[in-house]
Amino acid sequence: AASFSRMFVQVCLYFYCKCLWRCLKFVVRKLTGRCELQRICYNTKPGAARTMKIEASLKGSKSKRLQTSVSVHPDAIEKTIDDIMELKRINPDINPQLGISLQACLLQIVGYRNLIAEVERLRREPYDSENPQHEEMLLKLWKCLKPNSPLKARISKQWCEIGFQGDDPKTDFRGMGLLGLYNLVYFAEWDTEIAQQVLSDSLQPKYSVSYSVLKDYKLFTNIAASFSYSYSFAIVGINITDLAYNLLVSGALKTHFYNVAPEAPTLTHFQQTFCYLMHEFHKFWIEEDPLDIMEFNRVREKFHKRILKQLQNPEMALCPHFAASESLVNM
């Protein structure tokens with residue numbers, strides 16, 4: 001009986017709050033002469049704060065047309081904006097900037113959904129050694145990371161030098177499919193210097209000098225910050241791909257993408273984010289100074305929590321140098 005009573009009270013509170021909220025919205029519109037979408041666009045600067053409020057407003061609307069506007073095809077966005085303006089009885093001639101702002105937000109919202117679909121497709125596509133394109137990408141990864149060391153054979157123990165587990169890397173892509181390879185190749189091709197440095201660092205063994213000796217030579221801090229226990233570069237890259245994938249699917253990356261992509265976030269934005277996560281994880285690994293590779297899951301989980309905390313800030317952009325164009329400021 002007590003359980004039923006609590007449930008009844010919760011249901012009543014839910015409907016009361018929902019009705020009260022709708023009444024408040026109605027009153028505010030009458031007082032300001034603006035609907036919720038107008039108030040958000042005029043009072044919130046462009047970026048994640050605005051887009052996420054617009055997204056919540058559309059999804060929470062009692063109108064089915066507004067609810068479904070967040071999942072339309074990109075080509076239908078202009079028509080959708082016209083429908084929203086008509087439904088909300090907003091004169092586009094008097095409010096020309098509103099349509100532009102709503103369009104920018106919808107492009108980001110719809111683009112994020114489409115990006116999840118594209119990333120999921122790559123994750124589900126297995127590596128096929130009979131596919132020339134897959135093989136070409138794999139060989140490109142080697143050439144970018146080890147330009148001065150020719151690969152002697154396709155099946156070779158040399159693959160362990162860049163962090164694969166065996167003679168044939170294809171077996172290591174099972175968890176993340178082609179997505180893992182796409183990310184590693186992007187990192188090695190477009191952020192080559194950093195990728196090669198991370199690979200080099202990952203091959204270093206744990207520096208084994210006693211604390212007393214280091215203290216005597218005043219080298220403890222510098223050496224502890226320069227050497228970490230070795231880890232498998234490629235395997236960690238696939239693991240960080242999994243981390244980036246989960247951040248994307250959970251919606252945590254909305255903050256970042258809505259701040260850096262002026263319109264629809266793309267696969268390139270996702271790969272740039274992967275590069276950032278690889279670089280930051282490597283630094284974090286060194287800071288944590290784990291005893292051995294068995295601590296990998298602990299360090300990864302701690303790193304994951306730190307990124308999640310950063311993404312709770314609506315102004316957060318993980319990669320500021322990939323930020324949206326300044327043209328967005330006045331939208």
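The following questions and answers concern a predicted model of one protein chain. Local features need pLDDT of at least 70 and side-chain atom pairs count only at pLDDT 80 or more, while totals for chains, interfaces and linings use all residues. Residues are numbered from 1 along each chain as its sequence is written, and side-chain values use heavy atoms, with hydrogens and water left out.

Me: How many helices and strands does the chain have?
Reply: Helices (H or I, at least four residues) and strands (E, at least two) are DSSP runs, numbered from the N terminus. On this basis the secondary structure comes to 15 helices and zero strands.

Me: What percentage of the residues in the chain is buried?
Reply: A residue is buried under 20% relative accessible area, exposed over 50%, and partly exposed in between (1.4 Å probe, protein chains only). The chain has 331 residues, and the buried share of them is 43%.

Me: Are α14 and α15 oblique or roughly parallel to each other?
Reply: Axes are lines fitted to C-alpha atoms, for helices over the stretch in contact, and angles run from 0 to 180 degrees between N-to-C directions. Helix α14 (residues 267-288) packs on helix α15 (residues 296-311) at an angle of about 125°, with the axes 10 Å apart. Angles under 35 degrees count as roughly parallel, over 145 as roughly antiparallel, 65 to 115 as roughly perpendicular and the rest as oblique. The relation of α14 to α15 is therefore oblique.

Me: Which residues of α14 and α15 meet, and how many of the residues in this contact are charged?
Reply: Contact means heavy atoms within 4.5 Å. The residues of α14 include Tyr276, Phe281 and Trp285, and those of α15 include Arg298, Phe303 and Ile307. Ala, Val, Leu, Ile, Met, Phe, Trp, Tyr, Cys and Pro count as nonpolar, Asp, Glu, Lys and Arg as charged, and the others, Gly among them, as polar. The residues of this contact divide into nine nonpolar, one polar and, as charged residues, seven.

Me: Is Glu55 buried or exposed, and what is its relative accessible area?
Reply: Glu55 is found in helix α3 (residues 48-59). Leaving aside neighbours within four places in sequence, Glu55 is in contact with Val70, Ile109, Lys254 and Tyr258. Glu55 is buried, with a relative accessible area of 7%.
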